[in-house]
Amino acid sequence: MNAFTLPCADLRRRPLRTALTALGIAAAVSSYLTLVSLAQGLEVGWIASLQGRGVHMLALSRDTVEVMASSLPEALGEEIAAVPGVVAVAGEMANLVRLELPGAGTLHVTVRGWPPDSFKWRALPLAEGAPPEPGASAAGHPGIVLGVTLADLLGVGVGDPFALRGQPFVVTGVAAPGGVWNDRAVFMPLAAMQAAFDRPGQVTEFGLQVARPQDAASLADLERDLERRFPRLDLLASGDIAGQNDVVRTFRAFAGAVSWVAMGMALVIVLNTLLMSVTERTREIGVLAAVGWSPARILGTVVLQGLLLTAIGAAGGVALGAFSLRVVLRHPTLGGLVEPGLRPEAVLETLVAALVVGAVGGLYPAWRAARARPAASLRHG
Amino acid sequence: MVRDERRAREDPTVTTPLAELAEATRVYDGGRVVALRGVSLRVAPGESLAVVGPSGSGKSTLLHLLGGLEAPSRGRVLFEGREPAGPRAWSRLRARRIGFVFQAYHLLPALTAWENVQLPMLGVVAGAASRAERARGLLERLGLGRRLHHRPAALSGGERQRVAIARSLANDPDLILADEPTGNLDTAASVEILDLLVALREERGVALVLVTHDAAAAARAERTVRLVDGAVAGEGPP
């Protein structure tokens, strides 16, 4: 016999109640894990999309909330390229558009426009075909490259026609840059995109390649230098952009709030079950006091019971959460924005949150049990 | 009282009582119910004492006070001449020096007989193997060697009370407080349990306070205290 024997025996004594409580905790833990994973997946997807394009730093118009709403003159790129420490600059126009998938609803995809000489074209790994030539293709329409997932979803390949905003294009290549954002993106010449979106001479951002991308101090110095030279720009290292983006922040805050509501429900479930358990075991708690258990030991055994119950629920919740995440990411819109997969840090955060909930939920019933007067408890029932 | 303590310190032939009530009063319900009124009682090391009296005379309350399960409303409860300082001190005493046996056995139904006996040892006896071995020895001594893994629901009344006695002996106490230990048993089982308690007391030199309203049970003790309406109405040999 050890400290776990009594809490385990009590959980086994009421198997249905234990199972239902664990199920409730599992549902809450699963919701928490799914939301945390979605928030992290959105962030990771965005960062991967930048890194997949060989970008070390982004330049956006200052104080813009949403990157795609940023607007800068294309000509500014040459001035930025002249700053020491900057190796290359590529203007980019980015936008999010809705595509109709035959028989499968709508799909949100990013469209990116790059100048023909941009380093981003060189960094884009093509699975087949070639980057579009400036101007019209042999078919008389501008060329585009599709991300490999998007090409599969649409069932189109090199040489096929493609319509965007009602305008005809021709697919000249299929790229596999990696990351959920890039693999579902449309890449096209900047001039064609400016024309398609009625924004001539404009870009949304500049992607910068720098001399020493791994040196954090050097990156920070360059960032300060660029902000001093160009006060209308915000400079962001690519690893920071997701964290500093208001859309990601808002989603993260929303996911955080909802996930803590789920954990609050788990706390109430644990609290309710343990209160019932402690109440119906009043006499047994008196017996524990009579055989010399200290109030601290009685408190500890009830808290331990709460932790065990939560651990069972959390284990089920992680499995359920992994399944839920797969189901949720089948949705075409979310699937295009969130990097799939269950991350160890999300699982760890969920388990820690669940155990905190278990301990906190067990404290009040445990305190009630520990402060009970032994003689009165023995007379109970 | 102070004079008695001083005398005990000065005269080595006067033994310090193991447990003692000094003018102990216990009231409930804001004083409307008086369970014990000014009771003084001493339990010497190794002695056996029967507390008798009609139902509601305060016998169980007296036992609870002696074991620190509740505190007196007035007066004092002493263990080896000292007043334990609060619930924690009483918990330590109950864990190491005092064993309880109840009329209703009060075994934990989710645990086996073996686990029930190990319950008081948690935090007192180091090592799960030592606890298990000691509990096995006690249960075998009490004739329950083949009932180790049975839960209380699978045991007879007499067997349950033997498990409860084994539990009370788990940490080798100096004092056993038995509250109507034969109250739920038939005659044969009662005799068996009383024989066991008397034998264990002699074997281990443990003091025994036996609350009972059974004259035959009281006759097995060396001394009897009679309670009526919460006060001592008489004291002497059985």
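Q: What makes a residue buried, exposed or partly exposed?
A: C-beta atoms are placed from the backbone, and the other C-beta atoms within 10 Å of a residue's own are counted: 20 or more means buried, 12 or fewer exposed, and in between partly exposed. This is a predicted model, in which local features need pLDDT of at least 70 and side-chain atom pairs count only at pLDDT 80 or more, while totals for chains, interfaces and linings use all residues. Residues are numbered from 1 along each chain as its sequence is written, with chains lettered from A and ligands numbered from 1 in the order in which they are written.

Q: Why is Asp29(B) called exposed?
A: Asp29(B) has 7 other C-beta atoms within 10 Å, and the exposed class takes 12 or fewer, so Asp29(B) is exposed. Asp29(B) sits in the loop between strand 1 and strand 2 (33–43) of chain B; strands here are DSSP runs of E, at least two residues, and helices runs of H or I, at least four, numbered from the N terminus. Its phi is near 55 degrees, a positive value in a residue other than glycine.

Q: Why do strand 5 (98–102) and strand 9 (231–236) of chain B count as edges?
A: Two strands pair if DSSP finds at least two bridges between them. In chain B, six strands form an open sheet with mixed pairing, in the order 5-6-7-3-8-9. Strand 5 and strand 9 of chain B each have a single partner strand, so one side of each is left without a neighbour in the sheet.

Q: How do you know that strand 3 (residues 48–52) and strand 7 (residues 207–211) of chain B pair?
A: Four bridges join strand 3 and strand 7 of chain B, which run parallel, and pairing asks for at least two. Ala50(B) stands opposite Leu210(B) in strand 7 of chain B. Helix 2 (residues 59–66) of chain B packs on the sheet, touching strand 3, strand 6 (175–179), strand 7 and strand 8 (223–228) of chain B. Contact here means C-beta atoms, placed from the backbone, within 7 Å.

Q: What makes a set of residues a nonpolar core, and which have the most contacts inside the largest one?
A: A nonpolar core is a set of buried Ala, Val, Leu, Ile, Met, Phe, Trp, Tyr and Cys residues joined through C-beta atoms within 7 Å. The largest has 176 residues, and those with the most contacts inside it are Val29(A), Val186(A), Ala266(A) and Val209(B). Helix 2 (residues 15–51) of chain A gives the most to this core, with 16 residues. Leaving aside neighbours within four places in sequence, the contacts of Val29(A) include Ala266(A), Gly313(A) and Thr350(A).

Terms used. Two residues are in contact if their C-beta atoms, placed from the backbone, lie within 7 Å. Axes are lines fitted to C-alpha atoms, for helices over the stretch in contact, and angles run from 0 to 180 degrees between N-to-C directions.
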